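Reader: I am new to this. Could you take me through the terms and show how each one is decided?

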Amino acid sequence: MSNLRLNKSAQRAMQVFELFSDRMQPLSVGEITLGLNIPQPSVSVLLRNLADMGYLHYDQNARKFVPTLRIMLLGSWIQNRLDTSGDMAKQLKLLQPTLGETLMIGVQNASRAQYILVNEADRPDRLLVASGLMRPLLRSAVGRILLSLKSDAEIAGWVRRCNAEEPDASRQIPLLAFMDIMHMTRQRGYGETAGDVTEGFGTIAFALSSPMDGSPMAVACGMPLERLADKKALCIATLQQFASLYPRDAQASQR
């Protein structure tokens, strides 16, 4: 098998798992085919191979695939390293008494922002998110603050890619408009959204470095917009203090 075919197979396998992470439910061959825009025969072969390797389970009654625990175990060492190299999950939980809102740690995952740690608020009108959830890179506070760390040329490339992958034209963001958002984000030092992803909810995010390898991450807090209006100053101060525990190398930002 050529290197090109191997690379395509690896890429498609990762796309399958990203689709499961995004949808958070069992998926049929047809649903995966539509979701990834890959020919059905190729999807069928790929899913069968992943099932044979133990990464997917096929429910014959429902005729759907679902990831197995083997996938979770593959990444368990990363969570362990995060916890032991700064106890980020514990530090995040300590913010709850102060803010009383949903808190997240996020990273960039290709053209999406992905939450890797979540601490939900204990209230009925909280922002509902889950660990592993994907959000649009351009429209999320985590995505915006992480993109603001890149050079303008890199940002332009991601804007083109994200818009090309967004089927709803009303949710695409023109490059000039997004660069205005980047200018404001850099100026303020944090990313912010107001109903851009979830109607009626806003999020604020600060950049930080992974205690594991120094790669860019973000800490964020989301809540209903009416509460964010009252809590904004407290949210900014609290998240800024958290981010100071995991400072970024100023030379890493290419503006």
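Author: Start with burial. Buried means under 20% relative accessible area, exposed means over 50%, and partly exposed lies in between, using a 1.4 Å probe and protein chains only. The model is predicted, so local features need pLDDT of at least 70 and side-chain atom pairs count only at pLDDT 80 or more, while totals for chains, interfaces and linings use all residues. Residues are numbered from 1 along each chain as its sequence is written, and side-chain values use heavy atoms, with hydrogens and water left out.

Reader: Why is arginine 188 called partly exposed?

Author: Its relative accessible area is 32%. That value falls between the limits of 20% and 50%, so arginine 188 is partly exposed.

Reader: What makes glutamate 192 count as buried?

Author: Glutamate 192 has 17% relative accessibility. The limit is under 20%, so the residue counts as buried.

Reader: Why is the contact of arginine 188 and glutamate 192 called a salt bridge?

Author: Side chains of opposite charge can pair when their charged atoms come close. The rule asks for a side-chain nitrogen of Lys or Arg within 4 Å of a carboxyl oxygen of Asp or Glu. Arginine 188 and glutamate 192 meet at 3.1 Å, N to O. That is within 4 Å, so the name applies. Salt bridges that share partners also join Glu101, Arg123, Asp125, Arg227 and Lys231 into one network.

Reader: How many salt bridges does the whole structure have?

Author: The search finds 12. One of them joins arginine 144 and aspartate 196 at 3.4 Å, N to O. Arginine 144 lies in helix α8 and aspartate 196 in the loop between β6 (191-194) and β7, so the pair ties together parts 52 residues apart in sequence. Both arginine 144 and aspartate 196 are buried.

Reader: How do you know what counts as a helix or a strand?

Author: Both are DSSP runs, numbered from the N terminus: helices are H or I with at least four residues, strands are E with at least two. Helix α9 covers residues 152-165.

Reader: What separates arginine 161 and glutamate 165 in helix α9?

Author: They are four residues apart, which means about one helical turn. Their side chains meet in a salt bridge of 3.0 Å, N to O. Arginine 161 has 37% relative accessibility, so it is partly exposed. Glutamate 165, at 45%, is partly exposed too.

Reader: Why is the pair of tyrosine 58 and phenylalanine 65 called tilted?

Author: A pair of aromatic rings is described by the distance of the centres and the angle of the planes. Rings of Phe, Tyr and Trp (its six-membered ring) pair if their centres lie within 6.5 Å; planes under 30 degrees apart count as stacked, over 60 as edge-to-face and the rest as tilted. Here the centres are 4.7 Å apart and the planes stand at 40°.

Reader: What makes β3 and β8 a strand pair?

Author: Two strands pair if DSSP finds at least two bridges between them. Strand β3 (residues 102-109) and β8 have five bridges and run antiparallel. Leucine 103 has cysteine 221 of β8 as its bridge partner. Nine bridges join β7 to β8, also antiparallel. In that pairing, isoleucine 204 meets cysteine 221.

Reader: Why is strand β8 described as mostly covered?

Author: Strand β8 spans residues 216-224, and eight of its nine residues are buried.
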